[in-house]
Amino acid sequence: MSKSLSNKIRFATKAIHAGQSADPNNGAVMMPIYLTSTYLQDGIEKPRQGYEYSRVTNPTRTALENNLASLEDGKYGMVFGSGMAAIDSLFHLLKPNDHIIFSKSIYGGSYRIANSIWKNFNLNFSFVDTTNINEVEKVFNKNTKMIFVETPTNPTMEITDIKLISNFAKKNKLISVVDNTFATPYLQQPLKFGIDVVVHSLTKYLNGHSDMLGGAVITSDKKIAEQIKYFQKCIGGILSPFDSWLCLRGTKTLHIRMEEHCKNAMKIAEFLSQEKKIKKIFYPGLTSHPQHKLAKRQMKNFGGMISFDIGNLKNVKKFVDKLKVCTLAESLGGVETLICHPATMTHSAIPKEERDKSGITEGLIRISVGIENVNDLIDDLKSALK
Ligand SMILES: Cc1ncc(COP(=O)(O)O)c(C=O)c1O
């Protein structure tokens, strides 16, 4: 059930309508939650409307998959039970001895799955500074099959030049992947730069309300899409109809929420950059950020994520104990402001030496700026910094 929308419709209209239309049976305007595992068949080899079994396809899930594909300007969307399940599906595209190039500063779970699980299937990895194409070229070898980039990176907000990576991947026949979780398709659309695959943790901005987990793979490459759909069917790590519905409700307001996240984050980054107790601040919207110009070129705005360093763990503990509005918790991208300490929380799976090399120090704090009144957030941070 999908409206036939013109190719020219704009982001906000896609966010609300793409992948959905009124129920043909009763006219329900909102997509129902199809809580069914199986479907009536009209005869042998005659599934009604193509649905046979919900591990393979489910109408609520299909609506979300088409909605997300449309938002990323891709042809195919496949959703999973978490961002990690979506990322894991990519590994099934590879064979033993294949080599993958990763951004060195990356979500801790992506590092963990590579180093503790994929490694056992004889896949090889290089974690390099993908902001520098020379570093990428140095580790490329005849077995390299995939390049996986996170931009902005979690948590140090480095920006990789998506077009350069896409050109490099095309020249060397690699599958190029961008984890677009931090930016969302509202701020950045990697497929438009020639990237093959976009992955998302739907748990974050796309759902936006911190009340479900999900992941997505989006591509315009028919062969990759067929393979990933086959993995959904064989392995079954798919998103439930209820969580698909929650996320579909979230994407309807993505554009509005992202505008507010960006506005609040810019004001908070400006406030933090005036504070003497802060040793370093990472936000691509600040002109002091080393890749500010690149971020401006490839992103519509700079997002809602900021990291800053207050020196050491003792300071971090004192700071988080004083917060009243911001909540100390893992995750990001919800309407509420969350504060996290990457070294002991989201990035604890990365060995300390590696963390230090990537700037994930004991004094580093990550803030997922919510859409509360920004003055209340600044007051909260100000009194905690005292
Ligand atoms: C950039 C990024 N990618 C992927 C993931 C994994 O997503 P999930 O927690 O939904 O499995 C996360 C989780 O924090 C993330 O920050």
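Reader: What makes β8 and β10 the edge strands of the open sheet?

Author: The predicted model has an open sheet of five strands in the order β8-β9-β12-β11-β10, with mixed pairing. Strands pair if DSSP finds at least two bridges between them. β8 (280–282) and β10 (327–328) each pair on one side only, and these are the edge strands. Strands here are DSSP runs of E, at least two residues, and helices are runs of H or I, at least four residues, numbered from the N terminus. Residues are numbered from 1 along each chain as its sequence is written. In this predicted model, local features need pLDDT of at least 70, side-chain atom pairs count only at pLDDT 80 or more, and totals for chains, interfaces and linings use all residues.

Reader: How do you know that β9 and β12 pair?

Author: Strand β9 (residues 305–309) and strand β12 (residues 364–368) share five bridges in the antiparallel sense, and the definition asks for at least two. Phe308 has Ile365 in β12 as its bridge partner.

Reader: Why is α10 called roughly parallel to α14?

Author: Helix α10 (residues 254–274) and helix α14 (residues 374–385) pack at about 30°, with axes 10 Å apart. Because angles under 35 degrees count as roughly parallel, α10 is roughly parallel to α14. Axes are lines fitted to C-alpha atoms, for helices over the stretch in contact, and angles run from 0 to 180 degrees between N-to-C directions.

Reader: Which residues of α10 and α14 meet?

Author: Asn264, Lys267, Ile268 and Phe271 in α10 meet Val374, Leu377, Ile378 and Leu381 in α14. Contact requires C-beta atoms, placed from the backbone, within 7 Å.

Key:
Parallel < 35°, antiparallel > 145°, perpendicular 65-115°, else oblique. Contact = placed C-beta atoms within 7 Å.
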